[in-house]
Amino acid sequence: MSTQSVFIPACFHLAQTLDCGQAFRWQPCPQNPDVWEGTAFGRFLTLRQAGGALELRCPQEDFTQVWRSYFDLDTDYEAIRAALAGLHPNLQAAAEYAPGIRILRQEPWEALCSFVLSQNNNILRIKGIIRRFCQLFGQPLAGGAGFGFPPAEAIASLAAEDLAPLHAGYRAPYVLEAARAVAGGSLDLERIAREPAGYGREELRKIRGVGPKVAECVLLYGFHKTQCFPLDVWMKRAMAVLLPGFTPEDLGPHAGIAQQYLFHYSRTHPELFA
């Protein structure tokens, strides 16, 4: 398989992007932590950041059709970061601390299912549940490179006991309900992609187990609606301390990118909240 080497745009850091909690099927290779491997859109990929280049082990066609968009390489994050930094000194500090985070353009159903499973879980456990989910119900990928993410149609026909090996607890029935809504057409992911974010919030929250935070995560990471701002107890505290008086709406069309800067900055600076 060929290796594609592409110029890295400003504001790109592979580890920051893949390990910030927005996706759960990526991990550093045990033999070389600079190399990452993972699966998206039914394709397995190994890649690394080497100096000013991103090296991806994949056919040129896959890079052009999948990975260039997936890693959002054509978006000017430098301009976005500068605009956000001008809103408040603390947001400037957060944006300068982890400028390489990008919002991945994930497959909507995978994002929905993943964030339903993510509730009240840590990242390590979420990754384990999703790994078992794919092994049990996904299709094997070519060359023995793991498993694809199970489509909604494959999950919709299952019963709750079929999901018991996942150890997903109370979240399992929510996954089934989401799969049946997508497979049956009552949750139209293509329309959510076309419509404003407010429509998506309303439709997603009709699914049992999808509250405000999960809906925002799905819209941000699965539909690339960057005005969406996942807000939980931790982020409410971060906003109160770092941006008092601000609301997510005050952060504008790229509030979701600001959220990633703030989240990463906050979790690595606990002294701010002592």
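These notebook entries record what I looked up in the predicted model above.

**Ground rules.** I number residues from 1 along each chain as its sequence is written, and I work with side-chain values that use heavy atoms, with hydrogens and water left out. Since the model is predicted, local features need pLDDT of at least 70 and side-chain atom pairs count only at pLDDT 80 or more, while totals for chains, interfaces and linings use all residues.

**The sheet.** I began with the strands, which like the helices are DSSP runs numbered from the N terminus (helices H or I, at least four residues; strands E, at least two). Five strands form an open sheet in the order E1-E5-E4-E3-E2, with antiparallel pairing, where two strands pair if DSSP finds at least two bridges between them. Strand E1 (3-7) and strand E2 (26-29) stand at the edges with a single partner strand each, so one side of each is left without a neighbour in the sheet. From one strand to the next I noted a twist that averages 30°.

I then followed two of the pairings. Strand E4 (residues 43-50) is joined to strand E5 (residues 53-57) by five bridges, and the partner of threonine 46 in E5 is arginine 57. E2 is joined to E3 by four bridges and by a hairpin through two residues; here glutamine 27 stands opposite glutamate 37 in E3.

**Which helix packs on the sheet?** I found helix H2 (residues 60-70) there, touching E1, E2, strand E3 (32-40), E4 and E5, with its direction at about 75° to that of E4. Contact means heavy atoms within 4.5 Å, and axes are lines fitted to C-alpha atoms (for helices over the stretch in contact), with angles from 0 to 180 degrees between N-to-C directions.

**Aromatic pairs.** A search of the whole structure gave me 15 aromatic pairs. Rings of Phe, Tyr and Trp (its six-membered ring) pair if their centres lie within 6.5 Å, and planes under 30 degrees apart count as stacked, over 60 as edge-to-face and the rest as tilted. The rings of phenylalanine 115 and tyrosine 221 have centres 5.4 Å apart and planes at 25°, so this pair is stacked. Phenylalanine 115 lies in helix H5 (residues 108-117) and tyrosine 221 in helix H11 (residues 212-223), so the pair ties together parts 106 residues apart in sequence. Both phenylalanine 115 and tyrosine 221 are buried, a label given under 20% relative accessible area, with exposed over 50% and partly exposed in between (1.4 Å probe, protein chains only).

Tyrosine 170 counts as partly exposed at 39% relative accessibility, whereas tyrosine 174 is buried at 18%.

**Cores.** I looked next at nonpolar cores, meaning sets of buried Ala, Val, Leu, Ile, Met, Phe, Trp, Tyr and Cys residues joined through side-chain atoms within 4.5 Å. The largest has 67 residues, and Ile155 and Leu262 are among those that touch the most other members. Leaving aside residues up to four places away in sequence, isoleucine 155 touches Trp109, Phe133, Phe137, Pro150, Val175, Leu176 and Ala179. A second, separate core of 21 residues includes Phe12, Trp26, Ala40 and Tyr70. I also noted that Phe12, Trp26 and Tyr70 belong to one aromatic cluster, together with Phe41, Trp67 and Phe71.
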